[in-house]
2 protein chains.
Amino acid sequence: MTQATPFHPDVESALSALRATPPARVYFVACGGSLSIMYPAKFLLDQHAAIPSDLFNGAEFTARAPKGLGKDSLVILCSMTGTTKETLAAAEFARSRGARTVGLTTETGSPLGKACDHAIGFEAPYTTGVPIDAKNSNYARIYQLVMGLVALTEGTDYSQALMSSLAALQPAIDRAHTAFAPRFADFAPRFAKQEVIYTVASGASFGAAYSFAICVLMEMQWINSQAIHANEFFHGPFEVVDKDRAFILLKGCDSTRPLEDRADTFLHRFGAAENILVLDAASLDLTGIDPMFQGNLAPLIFFDTLWRFAYQVADLRQHEMLEGRRYMKKLSY
Amino acid sequence: MTQATPFHPDVESALSALRATPPARVYFVACGGSLSIMYPAKFLLDQHAAIPSDLFNGAEFTARAPKGLGKDSLVILCSMTGTTKETLAAAEFARSRGARTVGLTTETGSPLGKACDHAIGFEAPYTTGVPIDAKNSNYARIYQLVMGLVALTEGTDYSQALMSSLAALQPAIDRAHTAFAPRFADFAPRFAKQEVIYTVASGASFGAAYSFAICVLMEMQWINSQAIHANEFFHGPFEVVDKDRAFILLKGCDSTRPLEDRADTFLHRFGAAENILVLDAASLDLTGIDPMFQGNLAPLIFFDTLWRFAYQVADLRQHEMLEGRRYMKKLSY
């Protein structure tokens, strides 16, 4: 095993408390955009460790009250502001069952940070407007936590490869912005006129597709959507494909890429290329990202670049992104 | 503990082989409509047993290749015809890892039935056109298997309550058809004109919402859709709500009902009642169904009755249900 490279101090602190008695199972719990990062986190854990894990919306978790939740459980929660009430209630419920809790939030002093045994901070660009380095994002921190759990439970340490890959991520994102710019400029005018835009992905990329569908297209642009799993696509959803229907397909580079490839082939056979926006990880310059983590980091590149595409669509629709919402954070519900 | 009531012979046979060494974890694996029944199966297991479980689309399962899959795993698969290639590949992959496999299918002599250690037969009305008794449905059989696993791993036997509840299910469905008929007749002409219809549910009912969205609305009617989790609804999707947008809300009677209640309140506050079709388990006559299983059986009542609603919508749209598909089972892909 290579020499361990330290993770972020908040992550190290949480891991160090777990070391004496590693958890026997993990629950990933959050809501909406924060839930979307739990999908790739679980994917990473599933591929590297035998420890069982579950993934739940915060309110579902509390109301379902899984019988397996107990002292041997680790519950990993996330809320950008640390104030999401369902996630906060989930943390309190988990602790009432004796489980250990880790909360990821941009404000470690927030209610979620305080409700958990350990708080892990991260940075988010979309609330502050200040650009961040992706190595400080929610994905980056939860991946460190997951690979720390892998080391604790499996004895395999990939910290060096992960940390060097995360350091190379922002430059790769910046290059992707340039690489995708012509496609985005081409597609934005057509997609701005669509009433329905589906996203399609699998594996590590499904969470990015989910987040773009529900938090960007539906929430910020009132465009109808669904994140369709690339293989579930063939078991019903594909019947809506025609020359007019719009799709965004994320083709990652994890082990599920063949599923996305198959959806790509079908979409181009029966849809119109001008309405199928494919973001392909194979076309990206991923210099510095270790091959073992390229599939896990591609979704961040997709999501970050798509965010810029969303702003172009928003401009054309004259529908503001964050300010254009009518319910969220505008009233009580 | 009350005297155990025998399950269906196929279920008893599978359980009997598992008894000597009960599994340490469960994977629920299928595609599309068959995957949709895995959601309520996992919900039932999560609430009654501590054994960890996972739920995957068949192709995702094989491509992800979870490290935890091994000799101590039980993989439960389902394919109506027993020929779904991704599910078949998943069964073969599971066996190559040493896991035990149970396949649910209408044809126990089908490729899936043969590929698994144990086959469990069930009946389906939609392929044959012959009405069935719901106690012989896929839900009924997988619930027996799940409660058998609960008995094996927790020592709690609820077979009598489950079997008597299943015997009372078809009469409850028949009464629900009558009870919902006026609402369906009222809503069908409006919903037949909609290009987008969302389904909303949580807990035990989420699978029924998922199946109706992808297998009925999208696949058979080319109506755009998404099954929105009732709490995820508040973290993005609810921004598409307006007076014209159509929703089908399933209000079950499991422990997550408050999530569906909250969505109901929001939908009626900002949407139009004439475009919100609520199916409420509280309005149903569930005589004979044990209170402990009412929440688990309500989704079958929802799905079965909604199927009839779909045919009314299809008639008005002049778009046939099964025969109206353009890709599925019409060409190779």
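Please bear in mind throughout that the model is a predicted one.

I begin with the relation between the chains. Chain A is superposed on chain B by a rotation of 180°, with 0.0 Å of shift along the axis and an RMSD of 0.0 Å. This is the relation of a two-fold axis. Both copies use the same surface, since 100% of the contact residues of chain A recur in chain B. Which residue of chain A comes closest to the rotation axis? A:Gln226 does, with its C-alpha at 2.7 Å.

I turn now to the sheet. In chain A, 5 strands form an open sheet in the order 2-1-3-4-5, and their pairing is parallel. The edges are held by strand 2 (53-57) and strand 5 (118-121) of chain A; each has a single partner strand, so one side of each is left without a neighbour in the sheet. From one strand to the next, the twist averages 20°.

Consider next the partner of strand 5. Strand 4 of chain A, residues 100-105, is joined to strand 5 of chain A by 4 bridges, and the two run parallel. Across this pair, A:Leu104 stands opposite A:Ile120, a residue of strand 5 of chain A.

Helix 5 of chain A, residues 85-96, lies across strand 1 (25-30), strand 3 (73-78) and strand 4 of chain A. Relative to strand 3 of chain A, helix 5 runs at about 165°.

Note on methods. Residues are numbered from 1 along each chain as its sequence is written. Chains are lettered from A and ligands numbered from 1 in the order in which they are written. This is a predicted model: local features need pLDDT of at least 70, side-chain atom pairs count only at pLDDT 80 or more; totals for chains, interfaces and linings use all residues. Side-chain values use heavy atoms; hydrogens and water are left out. Copies are superposed by least squares on the C-alpha atoms of residues with pLDDT of at least 70 in both. Contact means heavy atoms within 4.5 Å. Two strands pair if DSSP finds at least two bridges between them. Axes are lines fitted to C-alpha atoms, for helices over the stretch in contact, and angles run from 0 to 180 degrees between N-to-C directions.
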